[in-house]
Amino acid sequence: MVRQPSINAQNRAPLTTERIVEAALHIVDGQGLGRLTMRRLGDALEVEAMAIYHHLPRGKEQLLDGLVAHVAAAPADTSASGRWQDVLRAWAGGYRERLLAHAGVLPLVVTRRNPVALTATLASLREVLRRGGVAEDAAAVAAHTLLGYVIGHAALEVRGTAEDGAAARIASGEGGEAGAVDWDARFRAGLGVVLGGVR
């Protein structure tokens, strides 16, 4: 069946890779990763699915790589002033929020081999550390550890349950009965451990 041109086709923004990825992200955020198909994406963009392949020749594989890059590539602000610990603490909080806001893409960030998506992010973290006086080798290890911590914590948070036994009590600094996990408190505590271990 041939799609009839939309009455608004002439007013529609031209199809670009960025528009395609944004539309795919909207589908994943609203309906889940399992609902993302090239046909559904074409419908959202009001184009034939084949038109998407002009921008993404490898099809869905390239689209998934684009989603990972769009969500996971979030470099730290290397021009920010202040202590390197504060700069990285602010970055980590913002990065966690970004991952949680696009939780449907998070499984791809964790499992998909797309190292290029994280290259600029890691480089920016290393630069913040180096500017703070951390040696090159230690900065590389610390940047990798920090990135892994934030991504891993977000993944556990999305998958988390309402109860978490002793770990929840530790995170909140309380004893007694287990309660709901305070993910914010746990994140801050773990981040303090990671940053505090940088020498």
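Colleague: Okay, which residues of the largest nonpolar core touch the most other members?

Modeller: Keep in mind this is a predicted model: local features need pLDDT of at least 70, side-chain atom pairs count only at pLDDT 80 or more, and totals for chains, interfaces and linings use all residues. Residues are numbered from 1 along each chain as its sequence is written, and side-chain values use heavy atoms, leaving out hydrogens and water. A nonpolar core is a set of buried Ala, Val, Leu, Ile, Met, Phe, Trp, Tyr and Cys residues joined through side-chain atoms within 4.5 Å, where buried means under 20% relative accessible area, exposed over 50% and partly exposed in between (1.4 Å probe, protein chains only). Of the 55 residues in the largest one, those touching the most other members are Leu-41, Leu-67, Trp-91, Tyr-95, Leu-129, Leu-146 and Val-150.

Colleague: And which helix gives the largest share of this core?

Modeller: Helices here are DSSP runs (H or I, at least four residues), numbered from the N terminus. Helices α1, α2, α4, α5, α6, α7, α8 and α10 each supply at least two residues. The largest share, nine residues, comes from α8.

Colleague: Where does this core lie?

Modeller: The bounds of the domains come from an automatic or database assignment. Both of them give residues to this core, so it lies between domain 1 (17-56) and domain 2 (72-197).

Colleague: How many helices does the chain have?

Modeller: Read from the N terminus on, the elements run α-α-α-α-α-α-α-α-α-α. There are zero strands, and the helices come to 10.

Colleague: Do α4 and α7 run roughly parallel or roughly antiparallel?

Modeller: Two packed helices are described by the angle between their axes and the distance between the axes. Axes are lines fitted to C-alpha atoms over the stretch in contact, with angles from 0 to 180 degrees between N-to-C directions; for α4 and α7 they come within 8 Å and cross at roughly 15 degrees. Angles under 35 degrees count as roughly parallel, over 145 as roughly antiparallel, 65 to 115 as roughly perpendicular and the rest as oblique. That makes α4 and α7 roughly parallel.

Colleague: Which residues of α7 make that contact with α4?

Modeller: Contact means heavy atoms within 4.5 Å. From α4 come Val-68, Ala-69 and Ala-72, and from α7 come Ala-117, Leu-118 and Thr-121.

Colleague: Last one: is Glu-46 buried or partly exposed?

Modeller: Glu-46 sits in the loop between α2 (38-45) and α3 (49-52). Its phi is near 60 degrees, a positive value in a residue other than glycine. Its relative accessibility is 38%, so Glu-46 counts as partly exposed.
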